[in-house]
Amino acid sequence: MNVSPGQSPVDVPPERQERPTTMNEWVTIANLLTILRMVLIPVFVLLVVYQQLSWALCVWVVAGLTDLFDGLLARKLNQTTSLGVILDPIADKLLVATAFIVLGMKSILSDPIPFWLTVTVISRDVFIVVGALMIFIKTGFRNFRPSWPGKINTVVQLMLITAFLAHQIVGRYADSMRVLYYVAFLMAVFSGFQYIFHATRLLNEQKLHES
């Protein structure tokens, strides 16, 4: 903590005082919801493999709600932590990638998610993770704030999986699913390219701030 000459630590405003991160500060409602989402991933996979699609849909909805409320609660309750910042996107990408992989297997479902869509979704996420890691290694920059296209892309993917499971259960709306496939594909491609410009802008802002 930086303290001006003649100024004691108690004179520094509380919001500027640095406190060591403790285990209790990591155990928040928001982080527990994120961890719950990760725990539900293997449960979801097992339910799909054993053709319990109605239960799989229920688990998927619960997992999606944890994605909605963990960030909301972190902001409302002022519980944003370094652990949550790391875990939340990891849980999101694991959940979505796992769902696309297991629901895209012909050995499990007779009418799976198209292979080209699964490849697009996962390739985008791998590209973003690898790109962010390379930028961090090269520059030390890690302030990758989520963009609106990225958030919309996640919502579209969550909705697609929800609709796909419902389609598998009721056996209807095949034409609507094809439309959703193309919407998800276009959103993944667009948000992937937008991420390049978004990351470039953040890097430029960082350079201007440091200069």
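Modeller: A salt bridge is taken here as a side-chain nitrogen of Lys or Arg within 4 Å of a carboxyl oxygen of Asp or Glu, and the model to which the term is applied is a predicted one.

Colleague: How far apart are the closest N and O atoms in the salt bridge that arginine 124 forms with aspartate 125?

Modeller: Arginine 124 is buried, and aspartate 125 is buried as well. Since a salt bridge needs a nitrogen within 4 Å of a carboxyl oxygen, the pair qualifies, for the closest N and O atoms of arginine 124 and aspartate 125 are separated by 2.8 Å.

Colleague: How many salt bridges does a search of the whole structure find, and which residues are linked with Arg37 in a network of them?

Modeller: Across the whole structure, the search returns six salt bridges. The residues linked with Arg37 in a network are Asp67, Asp88 and Asp92.

Colleague: Why can the pair of arginine 37 and aspartate 67 be said to tie together separate parts of the chain, and how many residues apart are they?

Modeller: The closest N and O atoms of arginine 37 and aspartate 67 lie 3.8 Å apart, and the two form a salt bridge. Because arginine 37 belongs to helix α2 and aspartate 67 to helix α3, the pair ties together parts whose separation in sequence is 30 residues.

Colleague: And in the salt bridge between arginine 37 and aspartate 92, which helix holds the aspartate?

Modeller: In this salt bridge the closest N and O atoms of arginine 37 and aspartate 92 are 3.0 Å apart. The pair links distant parts of the chain, 55 residues apart, with arginine 37 in helix α2 and aspartate 92 in helix α4.

Colleague: Are arginine 37 and aspartate 92 buried or exposed?

Modeller: The term buried requires a relative accessible area under 20%. By that criterion arginine 37 and aspartate 92 are both buried.

Colleague: Which two members of the largest nonpolar core touch the most other members?

Modeller: This core has 32 residues, and two of them touch the most other members, namely Phe44 and Leu103. The elements giving two or more residues to the core are α2, α3 (53-76), α4 (82-103), α5 (115-139), α6 and α7 (174-210). Leaving aside neighbours within four places in sequence, phenylalanine 44 is in contact with Ala56, Val59, Trp60, Ala99, Val102, Leu103 and Leu165. The two members asked for are therefore Phe44 and Leu103.

Colleague: Which helix gives the largest share of the nonpolar patch on the surface?

Modeller: The patch is formed by Val27, Leu32, Ile35, Leu36, Val39 and Val62, which together have about 480 Å² of accessible area. One of these residues, leucine 36, is partly exposed, with a relative accessible area of 34%, and its place is in helix α2. Four residues, the largest share of the patch, come from helix α2.

Colleague: What is the distance between the C-alpha atoms of leucine 87 and methionine 38?

Modeller: Leucine 87, in helix α4, counts as buried because its relative accessibility is 16%, and buried means under 20%. Not counting residues up to four places away in sequence, leucine 87 touches Thr34, Ile35 and Met38. Although leucine 87 and methionine 38 are 49 residues apart along the chain, their C-alpha atoms are separated by 9.2 Å.

Colleague: Which residues does asparagine 153 touch, not counting residues up to four places away in sequence?

Modeller: Asparagine 153 lies in helix α6 (residues 148-170), and at 1% relative accessibility this residue counts as buried. With residues up to four places away in sequence not counted, asparagine 153 touches Arg124, Ala184, Met187, Ala188 and Ser191.

Key. Residues numbered from 1 in each chain as written. Predicted model: local features only at pLDDT ≥ 70, side-chain atom pairs only at ≥ 80, totals over all residues. Heavy atoms only, no water. Patch = residues over 30% accessible without salt bridge, like charges linked within 9 Å, V, L, I, M, F, W, Y side chains within 5 Å. Areas by Shrake-Rupley, 256 points an atom, 1.4 Å probe, with all protein chains shown as cover. Buried < 20%, exposed > 50% of the residue type's maximum accessible area, 1.4 Å probe, protein only. Contact = heavy atoms within 4.5 Å. Core = buried A, V, L, I, M, F, W, Y, C linked by side-chain atoms within 4.5 Å.
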